[in-house]
Amino acid sequence: MEQLKAAIRAQLDKLIRLNRSRADYLAKFEELIESYNNGSRNIEQILEDLLQFAGSLSAEQERHVREHMSEEELTVFDILTRPGPELSPAEREEVKKVARQVLERLKTLLALDWRRQTQARAQVRLAIEDTLDTGLPKAYSPELYQGECSALFEHVFESYQGEGASIYSGAA
């Protein structure tokens with residue numbers, strides 16, 4: 001069981017490092033372990049539950065393939081849709097398109113040490129705001145739009161060093 005827990009923890013750490021919106025998986029994992037430690041589950045039950053959980057992690061790890069997106073695009077998509085408005089299938093496709101567009105645009109702006117330069121940070125923030133403003137469906141309220149801009153900028157600031165270096169560079 002300890003080996004299974006360690007393998008799941010390693011897989012979880014990688015998934016969450018690439019996409020923080022997956023943190024609910026960590027909470028569920030810790031809840032499973034806690035229920036075992038409290039005696040609410042026996043060894044057979046926890047092993048079965050951990051195996052099912054590992055299967056759900058594998059499915060989440062492959063979700064970007066099902067969505068026809070890179071892991072990087074899926075992270076932006078998740079930021080823009082979690083929590084977000086209820087979207088129709090057509091609107092979901094619009095948001096996927098916006099996720100691709102914003103990444104393409106940002107990659108031209110993310111120079112070395114962009115995070116240290118006020119003007120470079122402002123250009124990145126403006127690029128995010130412009131792309132989301134022109135591309136997001138009407139289901140996004142002005143308040144939600146502002147929240148998504150902030151969340152996406154925070155993600156970019158934390159995940160991209162510039163000159164092509166990011167947390168996704170070595171994740172393949």
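Is glutamate 93 buried, partly exposed or exposed? In this predicted model, glutamate 93 is partly exposed, with a relative accessible area of 45%. Its salt-bridge partner is lysine 96, and the closest N and O atoms of the two are 3.3 Å apart. Lysine 96 counts as buried, at 5% relative accessibility. Both residues belong to helix α6, where a spacing of three residues puts about one helical turn between them.

Some salt bridges share partners, and these join Arg22, Glu60, Arg63, Glu71, Asp78 and Arg82 into one network. Within it, the side chains of aspartate 78 and arginine 82 meet at 3.8 Å, N to O. Aspartate 78 is buried at 1% relative accessibility, whereas arginine 82 is partly exposed at 36%.

The total is 16 salt bridges. One of them pairs glutamate 30 with arginine 9, also at 3.8 Å, N to O. This pair links distant parts of the chain, since glutamate 30 lies in helix α2 (residues 23–37) and arginine 9 in helix α1 (residues 2–18), 21 residues apart. Glutamate 30 is partly exposed at 40%, and arginine 9 is partly exposed at 33%.

Nonpolar side chains make up another part of the picture. In soluble globular proteins, such side chains tend to be buried together. The largest nonpolar core here has 31 residues, and Ile128, Leu132 and Val156 have the most contacts inside it. Helices α5, α6, α7 and α8 each give two or more residues to this core, with the largest share, six residues, coming from α6. Beyond its neighbours within four places in sequence, leucine 132 touches Leu80, Val98, Tyr145, Glu148, Cys149 and Leu152. A second, separate core has 14 residues, among them Ile8, Leu32, Leu50 and Ala54.

Notes
Residues numbered from 1 in each chain as written. Predicted model: local features only at pLDDT ≥ 70, side-chain atom pairs only at ≥ 80, totals over all residues. Heavy atoms only, no water. Core = buried A, V, L, I, M, F, W, Y, C linked by side-chain atoms within 4.5 Å. Buried < 20%, exposed > 50% of the residue type's maximum accessible area, 1.4 Å probe, protein only. Helix = DSSP H or I, 4+ residues; strand = E, 2+ residues; numbered from the N terminus. Contact = heavy atoms within 4.5 Å. Salt bridge = Lys/Arg side-chain N within 4 Å of Asp/Glu carboxyl O.
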